[in-house]
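The entries follow in the order in which I looked them up.

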Amino acid sequence: MKTEAAILVETGKPLEIGHIEIPILKDGQILVEIAYSGACHTQLLEARGRRGEDPWLPHCLGHEASGVVLEVAGNVTRAVPGDRVALSWIKASGIEAGGTIYSWDGRSVNAGAVTTFQRHAVVSENRVTVLPDALEMQEATLLGCALPTGLGAVMNVGKPHSGDSVAIFGAGGVGLCAVMGAIVSNCNPVIAIDLIESKLEMARTFGATHTINVSDKDVVSGIAEICPDGVDLAIEASGRPTVMATALSAVRSRGGRAVVIGNAPKGQTIVLDPLQFNLGKSLLGTWGGDSVPDRDFPKFASFMIEDEINVMPLFSSPYTLENINDALDDLEEGRIGRPLIEMSQR
């Protein structure tokens, strides 16, 4: 069986669309027909060559999707054919079956334990989660990365109390999910910060009580106008080291926490004032919002099903797989919150 995929052949160049041969499944692997794939800045960094040397070229990309299980290999118990599933780079329980090698016109194409920029994908059992019946496939796509990272950074790492003040630096897809996490956690005020006004308008749609456009206002002084002592919690979702340092400066003394989500290009460094730590502030990192799929994905799905959050405004109009390079360009330029690639479209 062959399927169509967007393949990274050379970093810094557009992805190439090719028909790849699906190999026989290994123990612990699942064949999924992809319905929708998302894309985030991690894929941008990979595609643009900003994560350093790439020894796996050519290879498939993508780690956030929804789809339907077509086939499972031996000892898989997490899903059965016909199940609707979310695909995620965050490991759940189940078999870690490793990567896959596809064949493309006589060439080998590498793939990790989950890839999603393709119509069909071989994935490891521990990268799929069966969806509740009431959850739409478009919404379920975000369970792969954006929701667990954004909501988890707030709820699992920042752990705010009701009424805590929160500032979110960067109103892209993950940052807007962090806004939703702050609203679900009953935080107030919730301050969204960006330099693109359309993103700030979207943040207000998701419940941000205040916005700061850094193109016309100093962010620290802007936050001080709202919270004179600093915010209880800051979430950094821009991927810029200078913003990471600013997020720490913006939280209150004696207990303020700054959580870094954003991925900076390889080789960049952060400069911090040690006084910030003497003031009793904490700078925290996170791996996917410290989310555990078996524990957190049902909870995040219930937020969508019960209309506690509405993720649909995040999405662009769907792209086709053939237009995936346009999706990545639009994401990089900040023209969209989260690209949605619909695999049934041609």
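I began with strand β14 (residues 233-236), which runs parallel to β15 and is joined to it by four bridges. Helices (H or I, at least four residues) and strands (E, at least two) are taken as DSSP runs, numbered from the N terminus. Two strands pair if DSSP finds at least two bridges between them. Within this pair, I found Glu236 opposite Val260 of β15.

I noted that the model is predicted, that local features need pLDDT of at least 70 and side-chain atom pairs 80 or more, while totals for chains, interfaces and linings use all residues. Residues are numbered from 1 along each chain as its sequence is written, and side-chain values use heavy atoms, without hydrogens and water.

I then placed the pair in its sheet. Six strands make up an open sheet with parallel pairing, in the order β13-β12-β11-β14-β15-β16. Because β13 (210-213) and β16 stand at the edges with a single partner strand each, one side of each has no neighbour in the sheet. Direction ignored, neighbouring strands of this sheet are turned by 20° against each other on average. Axes are lines fitted to C-alpha atoms, for helices over the stretch in contact, and angles run from 0 to 180 degrees between N-to-C directions.

I next looked up helix α6 (residues 219-226), which lies across β11 (166-169), β12 and β13 and runs at about 160° to β13. Contact here means heavy atoms within 4.5 Å.

Which peptide bonds are cis? I recorded one between Leu57 and Pro58, with omega about -10°, and one between Asn188 and Pro189, with omega about 0°. Pro58 sits in the loop between α1 (41-48) and β4 (59-60), Pro189 in the loop between α4 (173-184) and β12 (190-194).

Arg254 has phi near 55° and lies in the loop between α7 (241-250) and β15 (257-260). Asp290 has phi of about 50° and lies in the loop between β16 (282-285) and α9 (293-305). Arg254 is exposed at 75% relative accessible area, and Asp290 is partly exposed at 38%. Buried means under 20%, exposed over 50%, partly exposed in between (1.4 Å probe, protein chains only).

How many disulfides are there? With a disulfide defined as two cysteine sulfur atoms within 2.5 Å, I counted zero. For Cys40, the nearest cysteine sulfur, that of Cys145, is 4.1 Å away. For Cys187, the nearest is that of Cys227, at 11 Å. Cys40 is buried at 5%, and Cys187 is buried at 7%.
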